[in-house]
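Welcome! Take a moment to look over the sequence and the model, and then let us walk through a few local features together.

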Amino acid sequence: MRSEELYDFEDPEIRASLIHAKEACLRLNTMTLSSSGYREALLEVIPGVPESSAVCPPFQCDHGNGITIGRDSFINYGCVILDGATVTIGNDVKIGPGCQLLTPQHPINYLERRGTRETSYPIIIDDDTWLGGGVIVCPGVKIGKRCIVAAGSVVIRDIPDDSLAAGNPAVVKKRLK
């Protein structure tokens, strides 16, 4: 699944991972950041999240074990991360409400798309980057360091370091100093 090759998401091991994540997200989504047991529930969904980082419920993911979050990062309400491939979120990253980080890519050929096979491509959100509310990041995209992606943007290609990007599709509007 994480090899960037076609896989069947009905495979028993993948299916078990999906079920585990759905049940863990369900528990997390009954809490707030200040709830007793929040930290344990978050770690059940996304292992290894640093103590200095937070994910505001509600939150949804496919597996959770494909997500890495750096220190001092914040993911706001309603984020969806489909982590068939890895999703790497750096240090000091801010992700606005309603953002979607989507690694799966369904086959182009409609006959192949009829089944339960897909590929997934990694997403990287580098250090000190801010995604405004409702940003969608598509499979295989890397957003560089110190970037800002304007609310509602759809990122379909890489954004270089120190850039302000906006639009659908998102394009670099300005270089940041």
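## Two cis peptide bonds

Pro169 sits in the loop that links strand S18 (163-167) with strand S19 (170-175). This is a predicted model, and in it the peptide bond from Asn168 to Pro169 is cis, with omega near 0°.

Another cis bond leads from Pro57 to Pro58, where omega is near 5°. You will find Pro58 in the loop between strand S2 (54-55) and S3.

## Strand S6 and its partners

Which strands pair with S6? One is strand S3 (residues 59-61), which runs parallel to S6 and is joined to it by 3 bridges. Here Gln60 stands opposite Val80 of S6. Strand S9 (residues 100-102) also pairs with S6 in the parallel sense, over 3 bridges, and Ile81 stands opposite Leu101 in S9.

S6 itself spans residues 79-82 and has two faces: Cys79 and Ile81 make up the covered face, while Val80 and Leu82 make up the uncovered one.

## Positive phi angles

Glu4 is not a glycine, yet its phi is positive, at about 65°. This residue belongs to the segment before strand S1 (7-8). Its relative accessibility is 40%, so Glu4 counts as partly exposed.

Asp72, also a residue other than glycine, has a positive phi near 55°. Look for Asp72 in the loop between strand S4 (67-69) and strand S5 (74-75). With a relative accessible area of 34%, Asp72 is partly exposed.

How values were computed
Residues are numbered from 1 along each chain as its sequence is written. This is a predicted model: local features need pLDDT of at least 70, side-chain atom pairs count only at pLDDT 80 or more; totals for chains, interfaces and linings use all residues. Side-chain values use heavy atoms; hydrogens and water are left out. Buried means under 20% relative accessible area, exposed over 50%, partly exposed in between (1.4 Å probe, protein chains only). Helices (H or I, at least four residues) and strands (E, at least two) are DSSP runs, numbered from the N terminus. Two strands pair if DSSP finds at least two bridges between them.
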